[in-house]
Amino acid sequence: MREAYACRNESDMIACLNTVLDLCRETKNRRFLWFYRLIQTHFDGIVAHGKFHIANGRMEGLNQKIKTMRRLAYGIADDEYLFLKIMDLSRASYVRNPKSHKVLH
């Protein structure tokens, strides 16, 4: 799998992945067969990720924030206000480790 991800060419990556899949299928081990089915199911996505190097982590994080906002906004009758809150939440800059106290000099 590491060699497949290291490939820069899509056809080389597909060839490496097919080699891994063939090895998994030939072992007849149930865990390797499970892995074979998993890779086979997500084959196009794996190749696309290796080709374009795009992850959906940001989108998943935003979806999680929206779910949290919907839970917190339970009982708000105005949908437009909720959408404004979601828009405001999506534009807010993220600070990884915010300072807990302001230090005055």
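The model is predicted, and the protein chain averages a pLDDT of 83. Helices H2 and H3 cross with a left-handed sense, and the disulfide count is zero.

**Confidence**
- In the protein chain, 94% of the residues score a pLDDT of at least 70.
- Among the elements of the chain, H3 has the highest mean pLDDT, at 93, while helix H6 (residues 79-91) has the lowest, at 80.

**The H2–H3 pair**
- Helix H2 spans residues 10-27 and helix H3 spans residues 30-41; their axes come within 8 Å and cross at roughly 145°.
- This crossing of H2 and H3 is left-handed.
- On the H2 side, the contact is made by Val20, Leu21, Cys24, Arg25 and Thr27.
- H3 brings Phe32, Leu33, Phe35, Tyr36, Ile39 and Gln40 to the contact.
- Sorted by class, the contact of H2 with H3 holds eight nonpolar, two polar and one charged residues.

**Cysteines**
- A disulfide would need two cysteine sulfur atoms within 2.5 Å, and the count by this rule is zero.
- The sulfur of cysteine 7 has its closest cysteine sulfur in cysteine 16, 3.7 Å away, so that pair is too far apart for a bond.
- Cysteine 7 counts as buried, because its relative accessibility is 16%, under the 20% cut-off.
- For cysteine 24, the closest cysteine sulfur is also in cysteine 16; the distance is 13 Å, again too far for a bond.
- Cysteine 24, one of the H2 residues in the contact with H3, is buried, with a relative accessible area of 5%.

Key: Residues numbered from 1 in each chain as written. Predicted model: local features only at pLDDT ≥ 70, side-chain atom pairs only at ≥ 80, totals over all residues. Heavy atoms only, no water. Axes fitted to C-alpha atoms, helices over the stretch in contact; angles between N-to-C directions. Helix = DSSP H or I, 4+ residues; strand = E, 2+ residues; numbered from the N terminus. Left-handed = near helix turned anticlockwise from the far one by under 90°. Contact = heavy atoms within 4.5 Å. Nonpolar A, V, L, I, M, F, W, Y, C, P; charged D, E, K, R; others polar. pLDDT = per-residue confidence, 0-100. Buried < 20%, exposed > 50% of the residue type's maximum accessible area, 1.4 Å probe, protein only.
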